[in-house]
Amino acid sequence: MHISHIELYSWKNFRKINVGLTERAILVGPNASGKSNFLDAIRFLRDLASPGGGLQRAVEDRGGVSKIRCLAARQDPDVGITVTLSNGGPAEWKYEIKFNQESRGYRRPILVSEIVTRNGEVILDRPNEEDKDDKERLTQTALEQINLNAKFREIAQFFEKISYLHLVPQIIRSGREWGALNKQAEVFGYNFLTRIAKTQEKTRDARLRRITQALKVAVPQLIELHLERDERGIPHLVGKYSHWRPKPAKQNEESFSDGTLRLLGLLWSLQEGDGPLLLEEPELSLHSGVVRRLPSLIHRIQRQRKRQIFISTHSFELLSDEGISGDEILMLVPSQEGTQIHSAISRPEIRALLETGLSVADAVLPYTEPPDLEQLELFSS
Amino acid sequence: MSPIKVSLIAEGPLDEQVLRQLLIQSAPHLLPGVCHGKKGRIWLNTNLINFNKAAHSWPFVSLGDLEHDECPPTLLSLWYPNGKHGNIQSRIAVRMVESWLLADREAIAQFLGVALHHIPHSPEDEINPKLVMVNLARRSRYRIIKEDMVPPINSSGSVGKNYRGQLEKFVVEKWQAKRAQNCSPSLQHAVRSLKHFHPVLPGN
């Protein structure tokens with residue numbers, strides 16, 4: 001199953017957008033155009049459905065409704081997400097949520113509507129009679145409640161499997177204390193090593209072996225990678241490196257380079273789970289030669305695991321891959337009325353260039369350049 | 001009539017700024033849009049053919065340097081072996097885009113802080129206009145021009161660390177194609193061609 005279509009209403013940079021999604025969707029756009037916020041809308045669905053999540057928590061973690069609502073939205077105060085899910089064929093499921101906040105008191109988020117349809121048939125339509133009798137019910141989605149989501153548990157489970165990767169090497173190395181204090185720490189990788197440690201030993205070893213093989217290409221000195229616990233029981237990744245001494249040197253994650261940690265995190269995440277995977281700028285800290293190979297690497301794993309992958313990127317090298325098709329590229333274009341999003345091939349001039357065989361990088365990236373780039377040349381203290 | 005949007009194709013970032021100014025100053029019926037390329041001459045050699053194919057549905061204007069090639073027609077036949085589409089304009093600076101900047105003699109002399117008689121009268125005859133520009137910067141009475149545009153001793157680079165930044169500033173703030181074309185036939189040719197460039201697009 002994959003998300004084949006998404007609509008956002010008043011979600012951060014997006015006042016109103018409506019776009020089809022392929023099984024590999026690559027987001028490009030200038031800085032601050034909303035690439036991360038687009039991915040965050042998909043993460044929001046995960047946060048609604050995951051254990052310990054739900055509407056209140058998901059909104060609170062994002063700083064409240066007022067932080068989510070689009071600044072460009074004027075009249076319509078409701079925030080909303082609608083996704084269509086399909087199994088390769090026609091749309092099967094549709095989940096729609098709209099919410100707002102209480103006008104007084106704690107200003108908790110409250111549901112304006114929650115609708116689920118399957119093959120066009122309405123399975124859930126809130127607010128219903130019970131919601132009208134008991135307004136408190138509107139503080140929770142049906143998605144987050146197992147006694148209410150029985151008829152569409154399949155999509156609740158699908159949302160729960162959404163995973164997001166934006167590893168910050170410094171947080172993996174020493175983020176334990178920071179992570180405990182920060183609600184969003186998980187997405188930056190503070191519990192990354194714990195996740196590896198919790199994986200069944202056989203699976204873990206097999207994955208680490210595969211990762212070592214792939215990592216060797218980028219870091220030729222690496223011989224072996226395994227998990228070790230220190231005297232306090234805290235897991236560490238230990239790498240053996242060859243050098244001029246007869247015995248290889250051992251180093252743990254605290255000494256790994258940023259590039260090693262980020263590639264390792266990427267390779268692990270690709271093998272973990274089968275739900276949609278959101279990758280935020282996977283090119284960071286990596287050598288351009290490695291970045292060029294990421295699209296085909298991601299595709300190989302995607303083919304085996306049948307998972308949808310979203311990638312946000314600024315990388316010329318990543319987009320130079322000849323296997324990337326124009327319909328996989330979503331261009332984010334900021335405007336006074338919020339960011340617009342469209343498939344690269346919906347613009348005739350880009351379509352014409354791609355049809356000549358020009359790479360996506362050469363044809364599309366110029367459109368994501370800020371218009372007054374030369375101002376940077378004029379910048380000085 | 002509203003201006004026609006054209007996409008640019010440039011050899012480098014400095015060429016892009018020159019091309020934008022050229023269109024703004026000499027061809028107000030054209031509106032410069034995004035700029036492709038900026039990855040050097042080899043990229044132009046390989047990819048201009050694709051833009052030529054796409055020109056049936058979108059107009060393009062390109063700018064490259066002649067450098068060591070024999071003459072502009074040879075270069076054009078290398079780029080467009082099967083002929084050039086009417087919706088693509090390929091301009092070539094003889095020998096480098098720096099010649100077009102040097103051609104605005106008073107303005108560049110003032111910008112670099114050198115006497116006017118040091119600026120060549122016929123910059124297109126210079127084999128290496130970039131070197132001319134760097135050597136002029138060496139004579140500058142402004143410390144910042146020397147520091148930015150001249151490579152430090154023992155540097156393997158041919159230009160200073162902010163050579164391009166200074167020249168982009170010059171192009172955006174001072175350079176006038178109308179004045180410069182008097183000392184540069186290839187620029188004069190470019191100004192004239194862009195003035196008369198009227199792409200024909202489907203639906204028009």
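This is a predicted model: local features need pLDDT of at least 70, side-chain atom pairs count only at pLDDT 80 or more; totals for chains, interfaces and linings use all residues.
The strands concerned are E4 (residues 79-86) and E5 (residues 91-101) of chain A, which pair in the antiparallel sense over eight bridges. Both belong to an open sheet of six strands in chain A, arranged in the order E2-E1-E4-E5-E6-E7 with antiparallel pairing. Strand E2 (14-20) and strand E7 (121-126) of chain A form the edges, each pairing on one side only. From one strand to the next, the twist averages 10°. Helix H1 (residues 35-49) of chain A packs on this sheet, where it touches strands E1 (2-11), E2, E4 and E5 of chain A. The direction of helix H1 makes about 105° with that of E1 of chain A.

We turn next to the interface. Chain B contributes 23 residues to the contact and chain A contributes 16 residues. The area buried between the two chains is about 1,600 Å², with carbon and sulfur atoms giving 60% of it. On the chain B side, B:Val34, B:His36 and B:Asn50 lose the most area to chain A, together 25% of what that side buries.

Which polar features cross this interface? Two salt bridges are found between chain B and chain A, along with four residue pairs in polar contact. A salt bridge joins the side chains of A:Asp362 and B:Lys39, at 3.5 Å from N to O. In chain B, strand E2 (30-37), helix H2 (41-54) and helix H8 (163-173) each supply at least two residues of the side that touches chain A. The residues of that side divide into eight nonpolar, eight polar and seven charged.

Key:
Residues are numbered from 1 along each chain as its sequence is written. Chains are lettered from A and ligands numbered from 1 in the order in which they are written. Side-chain values use heavy atoms; hydrogens and water are left out. Contact means heavy atoms within 4.5 Å. Buried area is the accessible area (1.4 Å probe) that two parts lose on being put together, summed over both. A salt bridge is a side-chain nitrogen of Lys or Arg within 4 Å of a carboxyl oxygen of Asp or Glu. A polar contact is a pair of N or O atoms within 3.5 Å; within protein, one must be able to donate a hydrogen and the other to accept it, and residues adjacent in sequence count only if both atoms are side-chain atoms. Helices (H or I, at least four residues) and strands (E, at least two) are DSSP runs, numbered from the N terminus. Ala, Val, Leu, Ile, Met, Phe, Trp, Tyr, Cys and Pro count as nonpolar, Asp, Glu, Lys and Arg as charged, and the others, Gly among them, as polar. Two strands pair if DSSP finds at least two bridges between them. Axes are lines fitted to C-alpha atoms, for helices over the stretch in contact, and angles run from 0 to 180 degrees between N-to-C directions.
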